[in-house]
Amino acid sequence: MKQYIKPIKIGSIEIENNVFLAPLAGVTDSAYRLMCRKFGAGLTYSEMISSKGACYDSRKTLELATIRPEEGPCAIQIFGSEPDIMARSAVVFENMGAALIDINMGCPMRKVTSNREGSYLMKEPELAGRIVKAVAGAVKIPVTVKMRRGYDMGDESAVELAKICEQNGASAVAVHGRFREQYYEGYSDRGIIAKVKSSVKIPVIGNGDIDSYASACSMMEETGCDAVMIGRASMGDPHIFHRIVTGNENHLSLSEKAEVILEHLSYSVSFKGEAVSVREMRKNLLWYIKGIRGAAGLRNQLSRVSSVSDIADAVRNIFTD
Ligand SMILES: Cc1cc2nc3c(=O)[nH]c(=O)nc-3n(C[C@H](O)[C@H](O)[C@H](O)COP(=O)(O)O)c2cc1C
């Protein structure tokens, strides 16, 4: 049988396996990344971080980019549109321990695209190229780019952009097979990932709708991509990395899941303190209960938890086999 899950080299760095955690704004903080790493993610990504914030020493920005040594390799994803500022922020994050710098060229949000940032750069390949060149020239670690299928519906610009990224020094590209206009609607097209793969020599990371070992393997089989990146399916289920990396699709029992949640909570508390982590864990709890019998009724209860001990009690009550 073909071996899909294997080590991968991106630029100068060797990564233990080719199953990555996608950048998710408001989600992939240090505690979340650590959980995914513990279950086997080869590489994790921070959420998109403002390049301007890093240059202006914004406390919040620098907090978002804090990587704990036990996390393993973590990419810091930056967004912005000014090559010089992007390059300066990349240096800040390199010094903070980023394994690589990823440039966001996929964010569909209007408040981002209206500043010529995120997926807007798919419409401005010349500017995109200058950004990649400036960032790659400023740091020693590899620089990668995450993009979509294209900006406007039907205007498939990922192939052209990927080539420009490669020519300007990118060490890999990640492709999410939806147009900007689709946000997260419809399906993620694999044809575009295959086209990008056959147009560049650098590794290509396939992204979109992967939710199992079988779908990770079929993504690699159908597109030839070198790695896969998992986003939404990891929310409330960091164990997905174990299933994909090992090929053992058995899920955790409810009591094992309770231990996972409490571990996630304890990292969050130790990194952010009780008040912040209780607030932030609420959304994670709602993801963790997805698929559990009676989840709808539990939602109310979980959105009211107000202390670590409330959460621990609720989790122990809910997640029993
Ligand atoms: C809540 C949420 C936040 C996201 N934040 C980012 C982000 O900060 N940077 C980015 O490049 N993509 C972001 N994405 C897109 C994901 O990285 C990924 O490309 C997309 O969800 C498709 O992969 P999936 O089907 O595995 O979720 C976000 C997606 C979601 C649902």
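**Exercises: ligand shell, sheet and helix packing**

Around the ligand stand 22 residues, the closest being Ala22, Ala25, Met48, Gly231 and Arg232. A residue is near a molecule if its C-beta atom, placed from the backbone, lies within 6 Å of it. The model is predicted: local features need pLDDT of at least 70, side-chain atom pairs count only at pLDDT 80 or more, and totals for chains, interfaces and linings use all residues. Numbering starts from 1 along each chain as its sequence is written.

**Exercise 1.** How do the residues of the shell around the ligand divide into nonpolar, polar and charged?

*Solution.* Start with the classes. Ala, Val, Leu, Ile, Met, Phe, Trp, Tyr, Cys and Pro count as nonpolar; Asp, Glu, Lys and Arg as charged; the others, Gly among them, as polar. The shell then holds eleven nonpolar, seven polar and four charged residues.

**Exercise 2.** What is the strand order of the open sheet, and which are its edge strands?

*Solution.* Strands (E, at least two residues) and helices (H or I, at least four) are DSSP runs, numbered from the N terminus. Two strands pair if DSSP finds at least two bridges between them. Eight strands form the open sheet, in the order β3-β10-β9-β8-β7-β6-β5-β4, with parallel pairing. From one strand to the next, the twist averages 30 degrees.

**Exercise 3.** How many bridges join β7 to β8, and which helix packs on the sheet there?

*Solution.* Strands β7 (residues 143-150) and β8 (residues 172-179) run parallel and are joined by six bridges. Val145 faces Val173 of β8. Helix α7 (residues 158-167) packs on the sheet and touches β6 (100-105), β7 and β8. The direction of α7 makes about 165 degrees with that of β7. Axes are lines fitted to C-alpha atoms, for helices over the stretch in contact; angles run from 0 to 180 degrees between N-to-C directions.

**Exercise 4.** Are α11 and α12 roughly parallel or roughly antiparallel to each other?

*Solution.* First, the geometry. The axes of α11 and α12 come within 9 Å and cross at roughly 155 degrees. Angles under 35 degrees count as roughly parallel, over 145 as roughly antiparallel, 65 to 115 as roughly perpendicular and the rest as oblique. The pair α11 and α12 is therefore roughly antiparallel. Next, the contact (C-beta atoms, placed from the backbone, within 7 Å). On α11 the residues include Lys257, Ile261 and His264, and on α12 they include Glu274, Val276 and Tyr288. The contact of α11 with α12 divides into six nonpolar, four polar and four charged residues.

**Exercise 5.** Which residues make the contact between α11 and α14?

*Solution.* The axes of α11 (residues 254-272) and α14 (residues 308-318) come within 10 Å and cross at roughly 170 degrees. These two helices are therefore roughly antiparallel. Helix α11 supplies Ala258, Ile261, Leu262, Leu265 and Val269; helix α14 supplies Val308, Ile311, Ala312, Val315 and Arg316. That gives nine nonpolar, no polar and one charged residue in the contact of α11 with α14.

**Exercise 6.** At what angle do the axes of α12 and α13 cross?

*Solution.* Helices α12 (residues 274-288) and α13 (residues 295-303) have axes that come within 10 Å and cross at roughly 170 degrees. Therefore α12 and α13 are roughly antiparallel. Arg282, Leu285 and Leu286 of α12 meet Arg299, Leu302 and Ser303 of α13. Their contact divides into three nonpolar, one polar and two charged residues.

Terms used:
Contact = placed C-beta atoms within 7 Å.
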